[in-house]
Amino acid sequence: MNILITSPRAPIVLEWIRMAERGGHQIALCDSLRFPLARFSRTPVQYHQIPAPRLAFSGYQKAILPLIEWADWVIPTCEDIFYLAQLPLNETQKQKCFMPDNALLFGLHHKIEVYQHLPQTEHIRFPASRLITQISDVEYDTAAQKTVLKPIFSRFGRSVIRGVTPENTQDLSISTEYPWVQQQFIEGQALCNYAVCVHGKVVGHSIYRPRYLLNQSASTYFEPVEDARIQAFIHAFAEQTGYHGQVAFDFIDDGCDLWVLECNPRATSGLHLLGDTLEINTSGQLCAINCQSVSSQPMRAGKLLPLLFGWEAFKKGEWQTLMADYYRAKDVTASLPSYAAWLALGEMCYRQWRYHKPLTSASTFDIEFDGCQDDHTKHSTV
């Protein structure tokens with residue numbers, strides 16, 4: 001089979017490559033970057049550099065449609081999934097794409113509509129949330145009520161305002177075209193999960209505690225945990241929605257219940273924890289294997305943990321803790337040649353400088369989907 005995997009800038013694409021390799025399939029990758037990380041996989045792959053979907057949708061469409069035609073199976077991994085969903089695909093081409101239908105996909109991406117698609121299970125709660133379409137809709141925090149304010153399609157915790165006051169909201173750009181959500185603030189421990197589902201059945205699932213956050217948001221370290229509440233929730237969700245594709249949720253554990261903060265209907269780093277438990281077999285079916293080998297070892301995104309967090313750890317007297325965590329975790333990029341991470345990081349740093357964006361934004365801004373804020377979506381039917 002021919003398998004097309006998108007956005008190989010994400011390290012989790014290395015896991016998909018290994019799954020496809022086990023079945024002996026032909027693998028192609030596509031992205032707008034010159035040096036996406038998974039391009040350097042030791043497994044032979046074809047790489048196609050294509051236009052960025054957010055910045056040049058017509059060029060992206062022209063470039064990716066022949067690749068979809070070539071492929072027997074298309075696996076989107078990052079937010080380019082929302083642009084893939086808007087392509088004029090026929091029914092046969094749509095069936096190739098490992099993703100849910102558009103109504104569910106876009107509904108889960110929306111930080112209020114998401115709750116309409118979630119099951120009611122024991123010890124899983126939803127925070128009170130309000131849609132904000134103008135600055136006058138914002139309610140300021142009091143001693144009795146704490147909230148957070150964030151764009152309806154934000155990611156990486158970006159632009160989140162904790163502690164809503166007149167001073168920190170006066171310059172916000174809020175409109176019906178670019179709405180925000182004001183949500184009940186929940187204190188507790190952050191947990192994340194990731195699941196791979198095939199037509200309503202959970203084929204693979206992991207739960208982890210995110211640690212060592214870039215810009216206080218994007219995790220670079222994944223500590224596996226077990227939680228029966230999340231296990232029950234994800235199975236109920238998959239069955240209720242007939243979910244097909246990859247999905248992840250962010251939770252807060254308040255010590256009694258779990259609160260669902262948001263959903264990512266795409267791949268996340270939790271895939272690394274599934275280890276060798278999945279394969280795309282010779283018939284092209286995604287199936288579970290070696291179910292006992294779900295990783296109990298922490299995972300880290302590369303060798304840069306001391307570089308990224310060393311100074312902060314040194315100032316706090318936590319250098320030894322940082323290095324102990326570093327050595328006990330498995331490097332998810334260990335199979336790559338040593339120069340791969342530096343080329344990928346160098347390209348991200350260049351984009352950070354060129355576009356004047358923080359590193360997390362520089363890594364994804366050209367594939368992010370923010371609803372009607374994107375020019376081409378004003379003329380598209382979702």
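Reader: How many salt bridges are there in this structure?
Author: Happy to start there! Side chains of opposite charge can pair when their charged atoms come close. In this predicted model, the count comes to 19 salt bridges.

Reader: Which parts of the chain are tied together by the salt bridge between Asp-31 and Arg-9?
Author: The two side chains meet at 2.6 Å, N to O, and both residues are buried. Asp-31 and Arg-9 are 22 residues apart in sequence, so their pair ties together strand S2 (residues 26-31) and the loop between strand S1 (2-6) and helix H1 (13-22).

Reader: Which residues are linked with Arg-9 and Asp-31 in a network of salt bridges?
Author: Good follow-up! Asp-31 and Arg-9 form a salt bridge with each other. The network also takes in Arg-351 and Asp-366.

Reader: How many disulfides does a search of the whole structure find?
Author: A disulfide is a covalent bond between the sulfur atoms of two cysteines. The sulfur of Cys-97 is 11 Å from the closest cysteine sulfur, in Cys-30, so that gap is too far for a bond. Cys-197 is in no disulfide either, with the sulfur of Cys-263 10 Å away. Across the whole structure, the number found is zero.

Technical notes:
Residues numbered from 1 in each chain as written. Predicted model: local features only at pLDDT ≥ 70, side-chain atom pairs only at ≥ 80, totals over all residues. Heavy atoms only, no water. Disulfide = S-S within 2.5 Å. Salt bridge = Lys/Arg side-chain N within 4 Å of Asp/Glu carboxyl O. Helix = DSSP H or I, 4+ residues; strand = E, 2+ residues; numbered from the N terminus. Buried < 20%, exposed > 50% of the residue type's maximum accessible area, 1.4 Å probe, protein only.
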